[in-house]
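I opened my notebook today to look up a few things in a new structure. Come and read along with me.

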Amino acid sequence: MLFFYPNSIEIVSRRIYYDHSEGLLTRNVNEKIIFKNSSAKPLSEIILEIENFKTNLKIIGNDGNELIFLPNYKLRERADLPQSIDTSIKDPELKRNFLLIKLKRQIEGDEYYGLSLHYIEYTKEETDMIEPYERYFNPFELEHFMYNEAMYMDLIEFYDRETVTIFKHWGNGLSLSDGDPYILYAKISDTDSDDDIGELDKSKLSLDLRKNSFSFSITKNDRERFNINIMAIFYGIRPEKKELSLIKALTMFVLLLPLADLISFFLHNISYLFDALETESVFILTLAFAQTRTRLLSHEKYVKLGLILTGSFFMIVLILILANIKI
Amino acid sequence: MESQIEKEYTTEEKLKIISNSRYIKIIKNKENLKQYSVYIPIKRNGQIVYVVVEK
């Protein structure tokens with residue numbers, strides 16, 4: 001369970017919004033945490049444990065002001081921390097992340113307050129047994145013809161009684177991989193056995209799955225019902241199939257069109273050669289600009305390969321024509 | 001070479017290690033898992049595969 005301090009606050013809910021509008025490789029996350037000061041004493045700072053390091057983290061308060069937060073090493077300097085957090089921070093093996101958040105104004109007793117955590121996350125990168133050069137030139141490695149899927153994993157731990165709502169959104173031209181999301185959970189246990197892990201039944205979660213988004217909530221009751229200790233959401237984001245087919249067809253044209261230069265060689269006509277170059281340039285440019293819509297990962301290398309082939313064929317045929325070499 | 005005793009991880013620890021790892025590998029065959037101490041079975045495209053990280 002995630003740690004928070006002081007114990008007198010009640011973390012009511014967390015809404016985590018993942019936005020994939022900037023493409024496959026990155027997503028912007030907005031995590032809204034609502035808590036209540038359950039004590040009569042005004043509150044000027046809180047300590048929250050977070051699941052993992054957040055890149056480019058910015059914390060905004062209820063009133064729209066950016067809040068200051070201090071990392072682990074500043075917490076280590078504090079003498080007034082409870083023993084549990086003190087030990088966790090001082091043990092680097094545990095790799096726990098805490099934020100000491102300074103609130104802009106005091107939160108009165110029984111008052112609710114909201115914090116928004118904004119950060120960036122990146123796709124999981126897959127290591128591969130195949131060397132990059134083999135992948136590049138091996139025409140039989142069709143699986144790697146284009147890297148068309150970015151895989152994400154979200155680890156969700158829970159603060160005591162909170163309700164967590166997950167909302168993921170992706171733009172037009174992108175889609176969720178088949179069968180996703182895959183939601184795992186670890187049961188409360190100290191051992192490692194196959195029984196400690198389970199797949200969360202999506203139908204029991206009231207998962208709302210749509211063309212451009214999916215969302216669901218987990219309450220404390222749900223966690224007790226399924227004995228959930230920690231949850232992991234796996235999913236892939238990929239271009240829509242029709243976009244992928246279109247871009248593959250375009251790539252084939254870009255790679256095969258340089259062969260058209262041979263026609264000008266056989267006809268010994270330099271004007272055909274320049275016409276072919278113009279057509280090839282249009283296709284290469286179209287392929288390059290298609291990246292903005294399809295967001296394919298391995299697109300760039302085909303643009304480069306197209307350029308190399310076009311340039312090489314053009315120069316060779318031009319030299320042969322100028323040298324007046326005929327077959 | 002002297003053999004090292006691998007630490008046994010709980011499921012929670014394994015999920016945390018995978019979550020904190022930038023690089024993962026998908027292994028389709030369970031027999032190829034022997035060299036990895038951290039792996040989690042997941043379902044991709046209807047098939048059980050294993051997400052592993054190299055420690």
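**Ground rules.** I noted that this is a predicted model, where local features need pLDDT of at least 70, side-chain atom pairs count only at pLDDT 80 or more, and totals for chains, interfaces and linings use all residues. Residues are numbered from 1 along each chain as its sequence is written, chains are lettered from A and ligands numbered from 1 in the order in which they are written, and side-chain values use heavy atoms, with hydrogens and water left out.

**Two chains.** I looked up where the chains touch, taking contact as heavy atoms within 4.5 Å. I found 31 residues of chain A in contact with 25 residues of chain B. Together the two chains bury about 2,500 Å², with 53% of it on carbon and sulfur atoms. Buried area here is the accessible area (1.4 Å probe) that two parts lose on being put together, summed over both.

I then checked for salt bridges (a side-chain nitrogen of Lys or Arg within 4 Å of a carboxyl oxygen of Asp or Glu). The rule finds three across this interface of chain A and chain B. I also wrote down a salt bridge between the side chains of Lys43(B) and Glu199(A), at 3.5 Å from N to O.

**A helix pair.** Helices (H or I, at least four residues) and strands (E, at least two) are DSSP runs, numbered from the N terminus.

**Loops.** Most residues other than glycine have a negative phi, and most peptide bonds are trans. I found a cis peptide bond joining Tyr5(A) and Pro6(A), with omega about 5 degrees. Pro6(A) sits in the loop between strands E1 (4-5) and E2 (9-19) of chain A. Asp110(A) is not a glycine, yet has a positive phi of about 65 degrees.
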